Amino acid sequence: MILELFKYFARYSQKDGVISMFANGASCLSGYNALLDYVKALPDPLLPDIEHLVFGQSLDTVKNRVANITGTYLFVDYGEFSASRNARNSILDHQKIAVTVATKLQDSSDMMEEAVVSDSTLTILAVLLRYLVVDSNAGTVPWLENILSEYDIIPFVAGELKSIGWTLIFRSSASDYFDLKQRE
């Protein structure tokens with residue numbers, strides 16, 4: 001599921017800004033090189049105003065990544081899983097995901113520059129949300145069922161990242177993603 005998230009969100013950012021996440025260029029880890037080939041084969045970005053992708057859970061890794069980029073980036077933070085069962089004993093797995101569109105600011109930025117960036121990143125996030133809704137409604141992304149049932153959009157102000165923007169928080173859902181029904 002984690003690599004499916006990466007592949008899905010890698011489509012939105014400029015390709016060079018995704019490829020730069022592969023700092024080693026190659027790896028003996030299974031799947032690394034295939035993932036890099038996947039990114040290299042991506043078409044033009046869906047949101048070309050997003051220059052970079054930041055993908056991870058570790059604050060230290062995210063801080064290091066953001067320290068080495070400039071401009072607007074898409075930060076995907078994937079969280080814990082939970083599950084529920086309905087009256088027919090069907091399992092529905094959920095994962096919390098936070099998707100942030102932010103811009104790294106200069107130390108000398110004033111309040112009005114921050115307002116301009118805030119407006120711009122919110123506009124980009126709204127377009128991203130529309131893509132998520134379309135994919136959810138189309139049923140083409142298995143883990144993206146019913147995005148409109150519950151989501152939040154909150155300001156992203158991260159002094160330690162020198163960034164501001166907006167974060168979309170939602171739960172992705174998939175029917176029995178871990179194949180637990182077959183193991184019962």
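Lys162 comes out as partly exposed, at 40% relative accessibility (buried means under 20% relative accessible area, exposed over 50%, and partly exposed in between, with a 1.4 Å probe and protein chains only). Its side chain meets that of Asp107 in a salt bridge, 3.4 Å from N to O (a side-chain nitrogen of Lys or Arg within 4 Å of a carboxyl oxygen of Asp or Glu). Asp107 lies in the loop between strand 3 and helix 5 and Lys162 in the loop between strand 4 and strand 5, so the pair ties together parts that are 55 residues apart in sequence. Helices (H or I, at least four residues) and strands (E, at least two) are DSSP runs, numbered from the N terminus. Asp107 itself is exposed, at 65%.

A word on the model: it is predicted, so to speak of local features takes a pLDDT of at least 70, side-chain atom pairs count only at pLDDT 80 or more, and totals for chains, interfaces and linings use all residues. Residues are numbered from 1 along each chain as its sequence is written, and side-chain values use heavy atoms, with hydrogens and water left out.

The whole structure holds 3 salt bridges. In one of them, Arg11 and Asp135 pair up through their side chains at 3.4 Å, N to O. Arg11 sits in the loop between helix 1 and helix 2 (15-19) and Asp135 in helix 5, so this pair ties together parts 124 residues apart in sequence. Asp135 is buried, at 14%, whereas Arg11 is partly exposed, at 26%. Lys63 and Glu160 also form a salt bridge, at 3.8 Å. Here Lys63 belongs to helix 4 and Glu160 to the loop between strand 4 and strand 5, 97 residues apart.

Helix 4 (residues 59-67) has Val62, Arg65 and Val66 buried. Looking down the axis, these buried residues fall within an arc of 95 degrees, so they line one face of the helix (the arc is that of the directions from the helix axis to the C-beta atoms). Asp60, Asn64 and Ala67, on the other side, are exposed.

Now for the inside. The largest nonpolar core has 36 residues, and Phe6, Phe9, Leu74, Trp143 and Phe170 touch the most other members (a core is a set of buried Ala, Val, Leu, Ile, Met, Phe, Trp, Tyr and Cys residues joined through side-chain atoms within 4.5 Å). Helix 5 gives the most to this core, with 6 residues. A second, separate core of 10 residues includes Val54, Val62, Ala102 and Ala158.
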